[in-house]
Amino acid sequence: MTELSKDQHDTIRRAAYGAIALVSQADPGFFAMFSESMAGSKALAAAPEPVRELLAGVTMPPTGTKEQVESAILADLSESMQILANDPSARDGFREVVLQATQKVAEASDGVAPAEEAMIQRVRAAVSGENAPGTGVQDTPPSTL
C-alpha cells in the first residue's frame, strides 16, 4: 500500500468511525446508541489487517451542527476513496468494511429503522462516488450486503 500522510490517515479514520456514528444517530435512543456503537466497533475490529491498519489510532470527530457534521463525514468518506484510489484492494476493503459496519450498527437494536436505512444509502453513495448537487448524495440501489 502507498504510504499515507497523517492527515490522510486522520481522514480515513474519521470517515469510518463517523459513518458508524451517522447511522447510530439516525435513529436516536441511549440504549440503542450503546449497542449500535458496540456493533460498529466490533465490525471495524474484525476488518482484514490492511484495513485495520488504516483505522488504527485516534482522531477527533468533526464538530458543528448535525448537518455540518453529516456533510463533513460524507465528504471524508468520498475523500477516503480518493486517497485509496491507487490501491484498489485497500479501497475496496475499506468500502466493504464501512458498509458492513454501518449495516451491523443499524441491525443492532430492534432492526433497521427507515432513518438508518436512509443514512446507510447516503454512506453507500459517498463510498461509491455517487454525489448529486444539493443533496450530498443521490439514490443508489441496495447492495447485496
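Reader: At what angle do α1 and α4 pack, and how far apart are their axes?

Author: In this predicted model, the angle between α1 and α4 is about 130 degrees, and their axes are 8 Å apart. The crossing of α1 past α4 is left-handed. On the α1 side, the contact is made by Gln8, Thr11, Ile12, Arg14, Ala15, Gly18, Ala19 and Leu22. On the α4 side, the residues include Ile73, Leu74, Leu77 and Ile83.

Reader: How do the axes of α1 and α6 cross?

Author: The axes of α1 and α6 come within 8 Å and cross at roughly 155 degrees. Angles over 145 degrees count as roughly antiparallel, and α1 is therefore roughly antiparallel to α6. Here α1 passes α6 in a right-handed crossing. Ala19, Leu22, Val23 and Ala26 of α1 meet Ala115, Glu116, Met119, Ile120 and Val123 of α6. Ala19 and Leu22 of α1 also take part in the contact with α4.

Reader: Which elements make up the protein chain, and in what order do they run?

Author: The protein chain holds six helices and zero strands. From the N terminus on, the order is α-α-α-α-α-α.

Reader: What share of the contacts joins residues that lie at least 24 apart in sequence?

Author: Counting contacts between residues at least 6 apart in sequence, 69% join residues at least 24 apart. Two pairs of C-alpha atoms illustrate how sequence separation and spatial distance may be read together. Leu99 and Ala16 are 83 residues apart in sequence, with 9.3 Å between their C-alpha atoms. For Gly93 and Val51, the separation is 42 residues along the chain and 6.4 Å between C-alpha atoms.

Reader: Where do Leu99 and Gly93 lie, and are they buried or exposed?

Author: Leu99 is found in helix α5, and Gly93 lies in helix α5 as well. A residue counts as buried when its relative accessible area is under 20%. Leu99, at 6%, is therefore buried. Gly93 is also buried, because its value is 18%. For the protein chain as a whole, 42% of the 145 residues count as buried. The chain exposes about 7800 Å², of which carbon and sulfur atoms supply 56%.

Reader: Which residues have the most contacts inside the largest nonpolar core?

Author: In soluble globular proteins, nonpolar side chains tend to be buried together. In this structure, the largest nonpolar core has 34 residues, and those with the most contacts inside it are Ile12, Leu55, Leu77, Leu84, Phe94, Val98 and Val123. The elements giving two or more residues to this core are α1 (6-26), α2 (30-45), α3 (49-55), α4 (66-83), α5 (88-107) and α6 (114-128). The largest share, eight residues, comes from α5.

Reader: What does Leu84 touch, apart from residues up to four places away in sequence?

Author: Leu84 touches Leu4, Ile12, Leu54, Ala90, Arg91 and Phe94. Ile12 and Phe94 are, like Leu84, among the residues with the most contacts inside the core.

Reader: Is Thr102 buried or exposed?

Author: Thr102 counts as buried, because its relative accessibility is 0%. The place of Thr102 is in helix α5. Leaving aside neighbours within four places in sequence, Thr102 is in contact with Ala19, Ile20, Val23, Ile120 and Val123. Of these contacts, Ala19, Val23, Ile120 and Val123 also belong to the contact between α1 and α6.

Terms used
Residues numbered from 1 in each chain as written. Predicted model: local features only at pLDDT ≥ 70, side-chain atom pairs only at ≥ 80, totals over all residues. Heavy atoms only, no water. Helix = DSSP H or I, 4+ residues; strand = E, 2+ residues; numbered from the N terminus. Buried < 20%, exposed > 50% of the residue type's maximum accessible area, 1.4 Å probe, protein only. Contact = heavy atoms within 4.5 Å. Areas by Shrake-Rupley, 256 points an atom, 1.4 Å probe, with all protein chains shown as cover. Core = buried A, V, L, I, M, F, W, Y, C linked by side-chain atoms within 4.5 Å. Axes fitted to C-alpha atoms, helices over the stretch in contact; angles between N-to-C directions. Parallel < 35°, antiparallel > 145°, perpendicular 65-115°, else oblique. Left-handed = near helix turned anticlockwise from the far one by under 90°.
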